[in-house]
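Grab a pencil and work through these exercises with the model open beside you. Each one sets a task and then walks through a solution.

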Amino acid sequence: MLARPLDLDGVLAFVRVVDLGSFTRAAEALETSQAAISLRLKRLEDRLGQRLLDRTPRHVATTRKGELFLAAARRLLEAHESALAEMDGVIPARLCLGISDHVAGPDLPALLRRLGLAKDGLTLEVRIVPSRELAAAFESAGEGGYDAVLLRTEEMPGRDGTVLAQERLGWFAAPDFPIPPAGEPLRLAGLAGPCNVRAAAARTLDAAGLPWTEVFVGGGVLAVGAAVMAGLAIAALAPSTAPPGAVEIGARLGLPNLPLTWIVLRSRRLTGRPAEALRTLAAAYRGPGGR
């Protein structure tokens, strides 16, 4: 048994590094420096007498002991948050977050659960909405609006947004999708309008003089991805939101390149738990492709 209790800052740093896969992202989420995160981890490992992480310049992974400690570390942090919430006796803060369907991706629910954002003291409300609608709704005044939005855009934002990642759209299809005969319209799947990605795909094909037809219009990226993997059509998607197993087929079919896009965060002035949760989620999306 350890003679002294563990330092919770070190435990939290360990969990955030594991969840975000990066010391840099963990430092961003916890509003500190990468050096401070490294120091907290070293003190925790010294305290436990075990190495918890294997670290290289490009990769972070838990050791066998680290994997065993991770579940206990999460329980410890949850118990700490629960104790604070009971002592405070206040109404949980609320964070209403809008995320574009072309940003969220199929693993968003698992990501939110892993990051533990909806914890004691915070009610997290997530709405998946097309980017165009999110941008307009965020600008509107009044109660019940979004506290923050994550958009995908073809235009580099100015001062009204923070770029989290950049990613070029691609043409995705099932591995066995056949090459269409010459002159036959390209079969497309996409979201119902208004959708920036759908508009970019149509504009790109029209500019190249390539015929196309929509054979599947889904209500969400998951539905579009299912159509793609069933071999019904190809779809313009960001690599981070393409369904598992789909392949980028543009070069094989001789299709023109789709535009570069940016994942952008727009937020109101937040404090406390909402600000902490948003920093953590933003850190998870930070990087070349968003996650």
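Two strands pair if DSSP finds at least two bridges between them. Helices (H or I, at least four residues) and strands (E, at least two) are DSSP runs, numbered from the N terminus. You're looking at a predicted model, in which local features need pLDDT of at least 70 and side-chain atom pairs count only at pLDDT 80 or more, while totals for chains, interfaces and linings use all residues. Residues are numbered from 1 along each chain as its sequence is written, and side-chain values use heavy atoms, with hydrogens and water left out.

**Exercise 1. Find the order of the strands in the three-stranded open sheet, and say which stand at the edges.**

Step 1: the order is 10-7-11, with antiparallel pairing.
Step 2: strand 10 and strand 11 (247–248) each have a single partner strand, so they stand at the edges, and one side of each has no neighbour in the sheet.
Step 3: look at how strand 7 meets strand 11; two bridges hold this antiparallel pairing. Alanine 173 has valine 247 in strand 11 as its bridge partner.

**Exercise 2. Work out how strand 1 and strand 2 are connected.**

Step 1: strand 1 (residues 53–56) and strand 2 (residues 59–62) run antiparallel and are joined by four bridges.
Step 2: threonine 56 has its bridge partner in strand 2, namely histidine 59.

**Exercise 3. Classify the aromatic pair in the structure.**

Step 1: know the rule. Rings of Phe, Tyr and Trp (its six-membered ring) pair if their centres lie within 6.5 Å; planes under 30 degrees apart are stacked, over 60 edge-to-face, and the rest tilted.
Step 2: there's one such pair in the structure. The ring centres of phenylalanine 14 and phenylalanine 69 are 5.6 Å apart and the planes are at 45 degrees, so this pair is tilted.
Step 3: Phenylalanine 14 belongs to helix 1 (residues 8–20) and phenylalanine 69 to helix 4 (residues 64–88), so to speak a link between distant parts of the chain, 55 residues apart.
Step 4: check burial, where buried means under 20% relative accessible area, exposed over 50%, and partly exposed in between (1.4 Å probe, protein chains only). Both phenylalanine 14 and phenylalanine 69 are buried.

**Exercise 4. Describe helix 8, its span and what covers its buried residues.**

Step 1: helix 8 (residues 196–207) has twelve residues. The expected span of a helix is 1.5 Å times one less than its number of residues. From first C-alpha to last, helix 8 reaches 16 Å, close to the 16 Å expected.
Step 2: list its buried residues: Val197, Ala200, Ala201, Ala202, Thr204 and Leu205.
Step 3: find the cover. Contact means heavy atoms within 4.5 Å. The covering elements include helix 5 (101–104), strand 5 (148–153) and strand 9 (212–218).
Step 4: see what comes next. Glycine 209 follows helix 8 and has a positive phi, near 70 degrees.

**Exercise 5. Is phenylalanine 172 buried or exposed, and what does it touch?**

Step 1: phenylalanine 172 is in strand 7.
Step 2: its relative accessibility is 7%, so phenylalanine 172 counts as buried.
Step 3: leaving aside neighbours within four places in sequence, its contacts include Val228, Ile234, Leu237, Pro239 and Val247.
Step 4: Phenylalanine 172 and leucine 237 are 65 residues apart in sequence, yet 6.6 Å apart in space, C-alpha to C-alpha.

**Exercise 6. Which residues have the most contacts inside the largest nonpolar core?**

Step 1: a nonpolar core is a set of buried Ala, Val, Leu, Ile, Met, Phe, Trp, Tyr and Cys residues joined through side-chain atoms within 4.5 Å.
Step 2: the largest one has 30 residues, and Trp171, Leu186, Ile234, Ile249 and Leu255 have the most contacts inside it.
Step 3: strand 7, strand 8, helix 8, helix 9 (221–229) and strand 10 each supply at least two residues of this core.
Step 4: another core, of 27 residues, lies apart from it, and Leu97, Val103, Leu150 and Ala282 are among its members.
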